[in-house]
Amino acid sequence: MSNGCTHIAGIQSVTPSALGCEECLKSGSQWLHLRICRSCGHVGCCDDSPNKHATAHFHATGHPIIEGYDPPEGWGWCYVDRVLFDLSQRKTPHNGQIPRYY
Ligand SMILES: [Zn+2]
Ligand SMILES: [Zn+2]
Ligand SMILES: [Zn+2]
């Protein structure tokens, strides 16, 4: 499952940065689904959330790979190559109680 994406080889085992979207927790906002950055562990909210912090993190940092994280669903996404791939063997577990708003 390479799909021409060279970033998958650089996936890191990361420690989640927060128990929920890092920026939404600071601003008191809500989110729909969460994504975790597999370069640095930043937890952000998805593009169906009002603030789209996961995509904003990619634009700010260039970190290419996110993982579905609400709950850990076993898939990854490369923003650069726009490919979905299997992460079921390398999921990042939640490290505490994460609030849900839906
Ligand atoms: Zn890629
Ligand atoms: Zn957010
Ligand atoms: Zn990152």
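Throughout these legends, a residue is called buried when its relative accessible area is under 20%, exposed when it is over 50%, and partly exposed in between, using a 1.4 Å probe and protein chains only. This is a predicted model, in which local features need pLDDT of at least 70, side-chain atom pairs count only at pLDDT 80 or more, and totals for chains, interfaces and linings use all residues. Residues are numbered from 1 along each chain as its sequence is written, chains are lettered from A and ligands numbered from 1 in the order in which they are written, and side-chain values use heavy atoms, with hydrogens and water left out.

**View 1. Two cysteines and two histidines hold the zinc ion (ligand 3).**
Here the protein donors are Cys 37 (SG), Cys 40 (SG), His 57 (NE2) and His 63 (ND1), at 2.0 to 2.3 Å from the zinc ion (ligand 3). Donors are N, O and S atoms within 2.8 Å of the metal (3.2 Å for Na, K and Ca); water is not among the atoms, so sites may look incomplete. Along the sequence, the donor residues of this ion follow the spacing C-x2-C-x16-H-x5-H. Cys 40 sits in the loop between strand S1 (34–37) and strand S2 (43–45), and His 63 in the loop between helix H2 (53–61) and strand S3 (65–69), so this pair ties together parts that are 23 residues apart in sequence. Helices (H or I, at least four residues) and strands (E, at least two) are DSSP runs, numbered from the N terminus. Cys 40 is partly exposed at 39% relative accessible area, and His 63 is partly exposed at 23%.

His 7, in the segment before helix H1 (22–27), and Cys 78, in strand S4 (residues 72–78), link distant parts of the chain, 71 residues apart. His 7 is partly exposed, with a relative accessible area of 25%, whereas Cys 78 is buried at 0%.

**View 2. A salt bridge joins Glu 22 and Lys 26.**
A salt bridge is a side-chain nitrogen of Lys or Arg within 4 Å of a carboxyl oxygen of Asp or Glu, and the count here comes to three. In this one, N and O are 3.7 Å apart. Both residues belong to helix H1, four residues apart, about one turn of the helix. Glu 22 is partly exposed at 23%, while Lys 26 is exposed at 67%.

**View 3. Glu 67 and Arg 38 form a salt bridge.**
Their closest N and O atoms are 2.8 Å apart. The pair links distant parts of the chain, with Glu 67 in strand S3 and Arg 38 in the loop between S1 and S2, 29 residues apart. Glu 67 is buried, with a relative accessible area of 0%, and Arg 38 is buried too, at 3%.

**View 4. Asp 70 and Arg 100 form a salt bridge.**
The closest N and O atoms of this pair are 3.9 Å apart. Asp 70 lies in the loop between S3 and S4 and Arg 100 in the segment after strand S5 (83–86), 30 residues apart. Asp 70 is buried at 3% relative accessibility, and Arg 100 is partly exposed at 45%.
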